[in-house]
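Me: I would like to learn how to read backbone and strand features in a model like this one. Can we start with a single residue and work up to the sheet?

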Amino acid sequence: MQTVFRLLNIELPRDSGPMSQTGTGIDIGNLANLAPADLVFFGKSIHRISHVGIYLGDARYIHSRGYVRINSFNPADPLYEDYLHSLFIKAMRILPD
């Protein structure tokens with residue numbers, strides 16, 4: 001995430017926990033609130049965030065867990081991953097509107 005946003009001259013903290021405190025919070029009760037480039041965070045609780053991805057739109061996000069991959073929040077999508085969806089806890093908007 002740092003490398004991607006650094007290309008846009010935006011510095012982010014190194015780890016996902018502190019990174020989750022950067023930007024503007026988004027209500028994740030409705031995926032329609034998310035926009036491409038928003039950061040999506042995963043963890044066992046709001047105080048134990050352990051993973052981050054970049055929202056791509058159409059309920060999909062890109063992240064790296066062993067290797068870079070695209071997954072979906074939509075259970076009907078073949079790229080859906082139940083484990084990460086169960087840990088989806090927060091989203092932040094970094095880029096200005």
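Reply: This is a predicted model. Begin with Asn 9, which is exposed, at a relative accessible area of 74%.

Me: Where is Ala 37 found, and what is its phi?

Reply: Ala 37 sits in the loop between strand S1 (24-25) and strand S2 (39-43). Its phi is positive, about 85 degrees, although Ala 37 is not a glycine. Ala 37 is partly exposed, with a relative accessible area of 21%.

Me: How do side chains arrange themselves along a strand?

Reply: In a regular strand they alternate between the two faces of the sheet. Strand S4 (residues 60-64) is the case to look at here. Tyr 61 and His 63 point to one face and are buried.

Me: Which way do S3 and S4 run, and how many bridges join them?

Reply: Strand S3 (residues 49-57) and S4 run antiparallel, joined by four bridges.

Me: How many bridges pair S4 with S5, and which residue in the turn has a positive phi?

Reply: S4 pairs with strand S5 (residues 68-72) over five bridges, in the antiparallel sense. Here Ser 64 stands opposite Val 68 in S5. Three residues lie between S4 and S5 in this hairpin, and Gly 66 in the turn has a positive phi of about 90 degrees.

Me: What is the order of the strands in the sheet?

Reply: The order is S1-S6-S2-S3-S4-S5, an open sheet of six strands with antiparallel pairing. S1 and S5 stand at the edges and have a single partner strand each, so one side of each is left without a neighbour in the sheet.

Terms used
Residues are numbered from 1 along each chain as its sequence is written. This is a predicted model: local features need pLDDT of at least 70, side-chain atom pairs count only at pLDDT 80 or more; totals for chains, interfaces and linings use all residues. Side-chain values use heavy atoms; hydrogens and water are left out. Buried means under 20% relative accessible area, exposed over 50%, partly exposed in between (1.4 Å probe, protein chains only). Helices (H or I, at least four residues) and strands (E, at least two) are DSSP runs, numbered from the N terminus. Two strands pair if DSSP finds at least two bridges between them.
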